[in-house]
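Take a look at the structure below.

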Amino acid sequence: MGSRRVFSGIQPTADSFHLGNYLGAVRQWVDLQETRDAIYCVVDLHAITVPYDPAALRRRTRVAAAQLIAAGLDPERCILFVQSQAPEHAELNWVLGCITGFGEANRMTQFKDKSARGGADQASVGLFTYPVLQAADILLYQADEVPVGEDQRQHLELSRTLAQRFNHRFGETFTVPAPYILPTVAKITDLQDPASKMSKSSSSPQGIIDLLDEPDAIRRKINRAVTDAESVVRADEVAKPGVTNLLRIYSALSGQKIEEISAAYGDSGYGKFKKDLGELVVGTFAPIRERTAKILGDPAALDAVLLDGGRRAREIAGGTMAVVRDRCGLPPAA
């Protein structure tokens, strides 16, 4: 393992990760375990900030972990665990919440976005303090770096602020995490509405490619993806957002430059381009889907892997919390 530590988490809020999750997070996590001391977490406590079904949460937590392993995370080379199995997350969340200003929490864009849907009066206090729990997740493990996309930068900034504030008030305790800005990750948009980001909460099922989709479903969705009246395969964000999105997906999965792909297909129409892209996505996702099913076929073995990851995580988290308690004037844990 490398000496610099990275920490990242992913929510178990759906029955499958989608293409955007895979390119934006999962694939990078797999690469980072080769060069970093990597700790990854299925953040189930974050998933209960909005109304949810307990049975679905339990199932989706396992499915999320299985997909991560199937996509290439190796529990021997990284720590993979479920957030709620380390109660130190909730404990540090409270301590940090007590040094976070109400105004600071109020400025977090994600709360504004999510509460706007149901109205702020209906939103939970948990949703409001979500970024504080996120800071606790990161600081518990003394992470040097946190892989983030642009949309999470503000939350990481809060983690840095709280680490510095705690260190200033109570003595050097936390590593101040730096953003590990992911290599330019293509922003993948909805196949049916290229103006919107591919997202479980807002896209239609036809607009999302799921990691666990059947191969034929993947081919069908790409075949029906919105394009335009022209038949030239070229990138143009304004005039051809649909084709540009498909080119980005092709480029991200093949490693080829968009210009090379455009030149190869030129004005031969969209049929062959979409067919080849369908096979490329299937070739990437089908093996992950098969491995996920195999892992889920032995829930006891998966649970054992996660419990072991939880134990390893708690060794680090418990050490951090012992120092935090001491610095804050709280007695040692019983």
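F170 counts as partly exposed, because its relative accessibility is 29%. The cut-offs are these: buried means under 20% relative accessible area, exposed means over 50%, and partly exposed lies in between, with a 1.4 Å probe and protein chains only. F166 has a relative accessible area of 0%, so F166 is buried. Both residues lie in helix α9 (residues 153-170). They sit four residues apart, about one turn of the helix. Helices (H or I, at least four residues) and strands (E, at least two) are DSSP runs, numbered from the N terminus.

This is a predicted model, in which local features need pLDDT of at least 70 and side-chain atom pairs count only at pLDDT 80 or more, while totals for chains, interfaces and linings use all residues. Residues are numbered from 1 along each chain as its sequence is written, and side-chain values use heavy atoms, leaving out hydrogens and water.

Now the rings. A pair of aromatic rings is described by the distance of the centres and the angle of the planes. Rings of Phe, Tyr and Trp (its six-membered ring) pair if their centres lie within 6.5 Å; planes under 30 degrees apart are stacked, over 60 edge-to-face, and the rest tilted. How many aromatic pairs does a search of the whole structure find? It finds ten. Y22 and F285 form an edge-to-face pair, with 5.3 Å centre to centre and 80 degrees between the planes. This pair links distant parts of the chain. Y22 is in helix α1 (residues 19-32) and F285 is in helix α13 (residues 270-296), 263 residues apart. Y22 and F285 are both buried. The rings of F166 and F170 have centres 4.7 Å apart and planes at 45 degrees, so that pair is tilted. Elsewhere, ring pairs link F7, F81 and Y141 into a cluster.

Next, the core. A nonpolar core is a set of buried Ala, Val, Leu, Ile, Met, Phe, Trp, Tyr and Cys residues joined through side-chain atoms within 4.5 Å. The largest one has 54 residues. Those with the most contacts inside it are L19, Y22, Y40, L68, I249 and V281. Contact means heavy atoms within 4.5 Å. Which residues does V281 touch, not counting those up to four places away in sequence? They are I209, I218, I222, I249 and L253. Another core, of 32 residues, lies apart from the largest one. Its members include A86, L96, L158 and A317.

Turn to helix α11 (residues 241-254). The expected span of a helix is 1.5 Å times one less than its number of residues. The 14 residues of α11 should therefore span 20 Å, and its end C-alpha atoms are 20 Å apart, which agrees. The helix is mostly covered, with twelve of its 14 residues buried. Among them are I249, Y250 and L253. The buried residues of α11 pack against α1, α12 and α13. After α11 comes G255, whose phi is positive, near 85 degrees.

G72 follows α3 with a positive phi, near 130 degrees. Q142 is a residue other than glycine, yet its phi is positive too, near 50 degrees. Q142 lies in the loop between α8 and β4 (145-148).

Is Q134 buried or exposed? Q134 is buried, because its relative accessible area is 16%. Its place is in helix α8 (residues 130-140). Leaving aside neighbours within four places in sequence, Q134 is in contact with H46, Q152, H155 and S159. E259, in helix α12 (residues 258-265), has a relative accessible area of 55%, so E259 is exposed. E259 and A235 are 24 residues apart in sequence and 8.1 Å apart in space, C-alpha to C-alpha.

Finally, the whole chain. Its secondary structure comes to 14 helices and five strands. Buried residues make up 46% of its 334 residues. Of the contacts with a separation of 6 or more, 74% are between residues 24 or more positions apart. Along its principal axes, the C-alpha trace spans about 70 × 45 × 40 Å.
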